[in-house]
Structures are given as structure tokens and as C-alpha cells.
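Me: I have a structure open and want to talk it through. Can we keep it short and plain?

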Amino acid sequence: MQREKRNRKGDDLRHGRRCGDDEVDSRAGRGGRDTIRNPNSTIVSDHSPSPPSSKYQMYGGGDDGSPEERTAFRRAEKRYKLYYQHASKKKKKQEKPVDLSGVVDFDSILKSFIVTGDTPDGFYAVDGSFDRPVFGLQSRPGFYFIPGALSVEEQCHWIKESLTSFPQPPNRTNHNAFYGPIYNLFAAAKERKILVEDGSSQASPTESDYVSTVSAHRWKFCCGTATSLNGRSRRSILASVLLRKLRWSTLGLQFDWSKRSYNVSLPHKKIPNALCQLAKKMAAPAMLTGEEFRPEAAIVNYFALGDALGGHLDDMEADWSKPIVSISLGCKAIFLLGGRSREDEHIAMFLRSGDIVLMAGEARECFHGVPRIFTDKLHSEIAPIEEHLLNDEEDSCFLEYIRTSRININIRQVF
């Protein structure tokens, strides 16, 4: 069934705080700009650039009015958002405790279902020939949750692909607007390289050491701390900082964030076949009999401590009866599912590494977001991933990254 797209003002995805040594105070949506409070901690030279805010930004951040002015969805976001307790300069800041008693735990529902065959009130197990339990919400038709859908080996594979292959040009990332396409970012971060601006017009644009050319400014990775040319200081930034500031990459048909639409004219690679096959398999519970999901585009989101994905709709695809297949990797998060209005009742649930969520049909019209990820050992629940990656010394950089991060791959049928 074809559904008419519904455009809503204020559905912009907004940019918020990013983990690392710098703190970003987001004013997006309120006419402001991101303010870097501690720039020296992430800058190799005093001329290191800070990319400007875009019109449509991804991570939710700043306050949006008094409690009386906030919507029910926004109040729920703030309930689970990361806050810190006031501490002296000598003491490490502590996270404020948050009440998680109302958060749905599908892992517990799965364990109980395996033993008793029953589900809690308001939940149901999807009937069908799928090879693992799939759960739905009676109040949200078209929403499906597949707990523990991926093995640890599969999780580690897609974590590695998300950091090495998926950000590779011609796939676009949030860095394109300022630096242009950047090749081999993860490898450069691993080798402690620096991305340096070279405004010289003498070098050939075809030289292999240049990663991009934007507005007559070219950037290349260099070893060591060389940040000057002919005695002149050059803008530069650590590759490791750029990796931590990686917020999204796009696969398949490319999404134009400035126009909030798919741009079929942009160069792109097809989604890797292995990811296509995985998406087709996992989409089956949300598909009509005889239909097959067609993966045409994917957006990969990268989260760190303090990051949040503000409440929004995924409404740019032509046919809302087809699901979005959302794969969670890395640290545990809270997923907030609302209704058609921001004032509708919400449902909060845990997302763990290996979980998959499907949203199709009526569920596509529900506001949703990720107000919180957990990176501490008690709540992150990534011990199996850590154990697997510890087996190979070559995986140490992946382990270092994912210990404090979450990756989400969401795959869509565009047409």
C-alpha cells in the first residue's frame, strides 16, 4: 500500500554533543551554532578547522524551552538524557543516576518466552517461519523487535565494515561538507596521522597523497606533527579526532542532508551484497507474503557518550509499507518510540548490540529517537564483543573505539 509522505516542520535531526576532549554546546534549531568549548584539546595547530553546522543536523542537543513548553516526547528524551552531577575540580564528574525501571527489556522478554511461551501484556510473538523469536507491540502495528539477531562474530564483522569500508568515497559522510571525500580514515587514525590543509596550487590534483579538494583547499594525511609549509602554519586536525567526529555515512543511494531527500545523481556504490542479503532476511517478518525487501540505501549513525538522536520521522522513502531495517552494534542504548504526535504516549526500550528493529506501515508514522547510550562497564553490555576482539591484536583499534561507541545501520527501500 502506497502511503502519502507527510512533511512536518520541526522534524529536523539536530546536532548535539560529541564525545572526545571537546564539548559541543548545540544551539541547532534555535538560530545558533555549535560552540567548541575546549578547542585546544583536539587541535594539532591553532588553525584547525571546525566544520560549520548544517541545516539538518543529526544529533539532538540543547534545551528547547521550559518544562511546560516541551512536548511529551521531549520530556521523555530529557528523562533519559545523560546529565552530570556537580563536582569539584579535583573530583571526576559523575553521571547522574537515571530511573530505568520503566524501560522495556526485550532480552528479558525473550528469556521468559523461551521458557514459558508467554509474553507480557501489550506484547506478542510474531507467528511465522522465521528462524528466531520476533516480538511486536499491540499498540504499534508494524513495529517488530528481533533480540539478539546477530551472532558476536557477525556483530564484530559489521563493526569493522562500518569503520573501514562504509565511510569510503564515493559514500558520503558528515566530513564531506568541509573536507571533501576522505579516504582510509580509520587506517590513518590507527597510524596516528594528521589531516593537513595544503592551499598550494603547484601540486597536481592527481597526486595520490591528497585525500580531497574542496573550494581550492586540498587536504592530505601526513605523519608526525608537520603542520607548516615554507614556514607558514597550516590548518590541521588529528585523524583520530576526525574518526571520533564521524557521525554518519551513507551507502547505496545517497541522501542529501541539505535538501532532505535522496539524490540519485550523486556517485555511489551499491550496498554490499552481504548486507543486502542480511537486510532481506531480517525484513521478512514485516513483509507481505510473496514480497521481497529491496535494500537501496542505508544510513550509518555513529554515537559516543553524550550523543543523542532527536525525535524524528523517516519519511523520505516512497512506500511506507516497506520496513526500515535497523541494526544495533556496540554499546547499549535507549530507543524511544512515540506515536504520530509528539504528545502521544511513548515506549522506552533497551537496544543491545546484535538487536534488530523493523518499522513498517503505521509504525513508520511514529516519532522515534535515541536519547541515551551507555558506555560504562555496568551498562554497556559489550563483554562478548570485547572478548572476541581481544583474540587478535590487529583488532585492538576496533575494540578501543567500540568500548565507548554505538553504531546503527539502518537500511531502506527507497522506491
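Me: Where does D315 lie?

Reply: D315 lies in the loop between β16 and β17 (324-330). Strands are DSSP runs of E, at least two residues long, and helices are runs of H or I, at least four long, both numbered from the N terminus. This is a predicted model, where local features need pLDDT of at least 70, side-chain atom pairs count only at pLDDT 80 or more, and totals for chains, interfaces and linings use all residues. Residues are numbered from 1 along each chain as its sequence is written, and side-chain values use heavy atoms, with hydrogens and water left out.

Me: Is D315 buried or exposed?

Reply: D315 counts as buried, because its relative accessibility is 1%. Buried means under 20% relative accessible area, exposed means over 50%, and partly exposed is in between (1.4 Å probe, protein chains only).

Me: Which side chain does D315 make a polar contact with?

Reply: The side chain of R260, at 3.3 Å. A polar contact is a pair of N or O atoms within 3.5 Å; within protein, one must be able to donate a hydrogen and the other to accept it, and residues adjacent in sequence count only if both atoms are side-chain atoms.

Me: Ok, where is R260?

Reply: R260 is in the loop between β13 (254-256) and β14 (261-263). R260 counts as buried, since its relative accessibility is 15%. R260 is not a glycine, yet its phi is positive, about 50 degrees.

Me: What about N184, what is its phi?

Reply: Phi of N184 is near 55 degrees, again a positive value in a residue other than glycine. N184 sits in the loop between α4 and α5 (185-190). N184 is partly exposed, with a relative accessible area of 45%.

Me: Which residues does the cis peptide bond join?

Reply: P169 and P170, with omega at about 10 degrees. P170 is in the loop between α3 (152-164) and α4 (176-179).

Me: Take E77. What is it in contact with?

Reply: E77 is in contact with L309, G310, G311, L336 and P371, leaving aside its neighbours within four places in sequence. Contact means heavy atoms within 4.5 Å. E77 and G311 are 234 residues apart in sequence, but their C-alpha atoms are 8.2 Å apart in space. E77 is buried, with a relative accessible area of 8%.

Me: And V152, what does it touch?

Reply: V152 touches P384, I385 and H388, not counting residues up to four places away in sequence. V152 is in helix α3. V152 and P384 are 232 residues apart along the chain, and 6.7 Å separates their C-alpha atoms. V152 counts as partly exposed, because its relative accessibility is 24%.

Me: How many cavities does a search of the whole structure find?

Reply: There are 4 cavities of 30 Å³ or more. On a 1 Å grid over the protein atoms alone, a cavity is a set of points where a 1.4 Å probe fits but cannot get out, and lining residues have an atom within 4 Å of a point. Grid points are joined across faces, edges and corners, and the volume is the space filled by probe spheres set on the points.

Me: What volume does the largest cavity have, and what lines it?

Reply: Its volume is about 380 Å³. The lining has 29 residues, and H312, D314, H368, N410 and R412 lie nearest the centre. β22 gives the most to the lining, with 4 residues.

Terms used. On a 1 Å grid over the protein atoms alone, a cavity is a set of points where a 1.4 Å probe fits but cannot get out, and a pocket is an open set with protein on both sides within 12 Å along at least five of seven lines; lining residues have an atom within 4 Å of a point.
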